[in-house]
Amino acid sequence: MIRWRLLLLLTAVLLTSACQSPAEDVIRLGIAGRPANLDPLHATDAASARVNRLLYRALVDFDAQQRPVPELARWERLTPTRYRFHLDPERAPFHDGAPLTAADVVATYRAVLDPATGSPHRGLLSLIGQVSAVDADTVEFLLNRADRLFPGYLVIGIVPARLLAQGHDFQRAPIGSGPLELIERGGDGQLRLRRRSDGQQLAVQQVKDPTVRVLKLQRGELDIIQNDLPAELIRYLDGREDIRIERHRGANFSYIGFNLEDAQTGDPRLRRAVAHAIDRAAIIEHLLAGAARPAGALLPPGHWAGHPELDGVDYDPDRARALLSELGYGPQRLLELSYKTSSDPLRLRIATVFQDQLARVGIRLRLQSYDWGTFYGDIKAGRFQLYSLMWVGIKTPDIFRHVFHSASLPPGGANRGRYRDARIDAWIEAAEAAQTQTEQVTYYRRIQARLLETLPYVPLWYEDHVYAARADIRGYRLNLHGNYDGLLEVQRR
């Protein structure tokens, strides 16, 4: 079906216009989702995070083992609650030519911490008591409590203090000090960028439909497409002489989330019934072309704080039916639930499979598909029973406070399901106060085991990353988190 649709669309496009090469040397990356927010103080979606890390520089980044390393500054721990950061003397200026100083770092973090800003990152950074500039190159953070993970929290892109004071709209006109700068923002979902190192122009283009993305790649209207490709399209492209495909193991965590305040999905037996009804292996094989690993926890098992013994909830439709029977549901009284998803074609296909698998155990799933902005707004506001999303770029276990602590309900965090568990709260706080990494690992493994027991999320899989590029494109590389960092090195041969 996909192959026929692809051929029909390709024929139609070729009949209506000739294939032309772009007049300008612009390397174009096609993606499924539009970056929703280019303001690093407010951005939370994956596409925005991937673009913003190239427009702005943060104090800290991470190495291959997901341990914090200096990006814009190196640091020293003066006391358990006092950190001093020394800015890189060779740091780049902002895109408008102004120097980046400690005052900009202070202004950025004070803005995040100001309730009036409404930053969704405020909850995670609430342990910061004071942030101040020692001199133009040095910043100090004084914490309300000790937390050995603290340097890894400082990943907010730094913005100019003077523009913050003027109320500048960074969403419309981002000004950072990152290796890429924005030239133009098109109404068609395109971002035109310039690489500061050599002036190479780049474009990040939203093309929602994966078949159309493939067509545009073949025609030369796109040079690279990354992720969100159904198995049939990956197979279609694989082996073509004019296209190269590369894959990379991923750590992005896909899950089904529940509203714990809902009368139905608030019952843990129902959540476990849903988990047992999902055949993850079949979805990975047939819809994802095998490009995923089953997940048992938010952190992958290879992460230093991961839990290597968790692999999720087994597919067991008989157990699912038995749990539903305990709740009073069966052939004569079907359970009806509402499931929200985005309008992305691959996510819709997965949702349809969920619908079929749940129907087999006696759950009638009503699918509600929306454009990304509407869908994501509903999830943040708690307007759902079930939904599915993906956590992208998780590097430190502070994610557990951000997502599962009872104090992290939106807008102060991402506890969108309104999960409350006294043991989880206590273990998160104990892990943050732990004096050694060994002690931290003990608590984080307890947390992950408890989450799998109580199931505020059904862990699904860690998706691999795949990109397809035209034969003349070189230097684009994937990484564990599927970032767009390959744009820093990509060249047209």
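**Briefing: rings, strands and a pocket**

Tyr 339 has a relative accessibility of 2%, so it counts as buried, the cut-off being under 20%. Keep in mind that this is a predicted model. Tyr 339 is also part of an aromatic pair with Phe 354, and the structure holds 20 such pairs.

**Aromatic rings**

- There are 20 aromatic pairs in the structure.
- Take Tyr 339 and Phe 354: their ring centres sit 6.0 Å apart with the planes at 80 degrees, and since an angle over 60 counts as edge-to-face, that's what this pair is.
- Tyr 339 belongs to strand β14 (residues 335-342) and Phe 354 to helix α10 (residues 345-359), so the pair ties together parts that are 15 residues apart in sequence.
- Elsewhere, one aromatic cluster is formed by Phe 253, Tyr 255, Phe 384, Tyr 387, Phe 400, Phe 404, Tyr 419, Tyr 444, Tyr 457 and Tyr 462.

- You'll find Ser 388 in strand β16, which covers residues 386-391.
- With a relative accessible area of 16%, Ser 388 is buried.
- A polar atom of the Ser 388 side chain lies 2.8 Å from the backbone oxygen of Tyr 255, and Tyr 255 is one of the residues in the aromatic cluster.

**Strand β7 and its partners**

- Strand β5 (residues 82-87) pairs with β7 in the antiparallel sense, over 5 bridges; Phe 85 has Val 139 in β7 as its bridge partner.
- Strand β6 (residues 128-135) also runs antiparallel to β7, joined by 6 bridges, and here Ile 128 has Leu 143 in β7 as its bridge partner.
- β6 and β7 make a hairpin, with 2 residues between them.

**The second largest pocket**

- The second largest pocket has a volume of about 260 Å³.
- It's lined by 14 residues, and the closest to its centre are Pro 68, Arg 148, Leu 149, Pro 151 and Gln 437.
- By type, the lining of this pocket splits into 6 nonpolar, 5 polar and 3 charged residues.

Note on methods. Residues numbered from 1 in each chain as written. Predicted model: local features only at pLDDT ≥ 70, side-chain atom pairs only at ≥ 80, totals over all residues. Heavy atoms only, no water. Phe/Tyr/Trp six-rings, centres within 6.5 Å; stacked < 30°, edge-to-face > 60°. Helix = DSSP H or I, 4+ residues; strand = E, 2+ residues; numbered from the N terminus. Buried < 20%, exposed > 50% of the residue type's maximum accessible area, 1.4 Å probe, protein only. 1 Å grid on protein atoms, 1.4 Å probe; cavity = no way out; pocket = protein on both sides within 12 Å on 5 of 7 lines; lining within 4 Å. Points joined across faces, edges and corners; volume = space filled by probe spheres on them. Nonpolar A, V, L, I, M, F, W, Y, C, P; charged D, E, K, R; others polar. Pairing = 2+ DSSP bridges. Polar contact = N/O pair within 3.5 Å; in protein donor to acceptor, adjacent residues only side chain to side chain.
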